[in-house]
Amino acid sequence: MAKFKATEYKIEALCCGAELKDENWILDCPEKSSEAPALIRAIYNKKQLNRNSNPGIYTFSDWLPISRILKGSGAP
């Protein structure tokens with residue numbers, strides 16, 4: 001298995017452009033000024049999807065918002 005490095009990304013609220021920490025929040029912008037729903041998106045440091053030797057979905061771990069690989073969770 002390839003050496004794992006956590007994905008580098010930030011979370012952005014499209015309603016106001018606020019950058020949010022990816023920890024303990026609901027899928028809505030806490031800083032929005034209206035009652036309308038707010039779309040939240042991840043913006044990745046890497047712009048190109050690359051494969052590696054990790055199993056299953058972790059093949060694309062350099063471009064997924066993951067911080068660790070679950071032991072025993074190989075390819076389907």
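Reader: How many disulfides does the structure hold?

Author: A disulfide is a covalent bond between the sulfur atoms of two cysteines. Here the cut-off is a pair of cysteine sulfur atoms within 2.5 Å, and the structure holds zero. Keep in mind that this is a predicted model, where local features need pLDDT of at least 70, side-chain atom pairs count only at pLDDT 80 or more, and totals for chains, interfaces and linings use all residues. Residues are numbered from 1 along each chain as its sequence is written, and side-chain values use heavy atoms, without hydrogens and water.

Reader: Which residues make up the largest nonpolar core?

Author: In soluble globular proteins, nonpolar side chains tend to be buried together. A nonpolar core is a set of buried Ala, Val, Leu, Ile, Met, Phe, Trp, Tyr and Cys residues joined through side-chain atoms within 4.5 Å. Buried means under 20% relative accessible area, exposed over 50%, partly exposed in between (1.4 Å probe, protein chains only). The largest core here has seven residues: Ile11, Ala13, Ala18, Leu20, Cys29, Ala38 and Ile40.

Reader: Are Cys15 and Cys16 buried, partly exposed or exposed?

Author: Cys15 is partly exposed at 40% relative accessible area, and Cys16 is partly exposed at 43%.

Reader: In what order do the strands of the sheet lie?

Author: Strands of a sheet pair through backbone hydrogen bonds, either parallel or antiparallel. Strands are DSSP runs (E, at least two residues) numbered from the N terminus, and two of them pair if DSSP finds at least two bridges between them. Here the order is β2-β1-β3, an open antiparallel sheet. β2 and β3 (40-44) each have a single partner strand, so one side of each lacks a neighbour in the sheet.

How values were computed:
Helix = DSSP H or I, 4+ residues; strand = E, 2+ residues; numbered from the N terminus.
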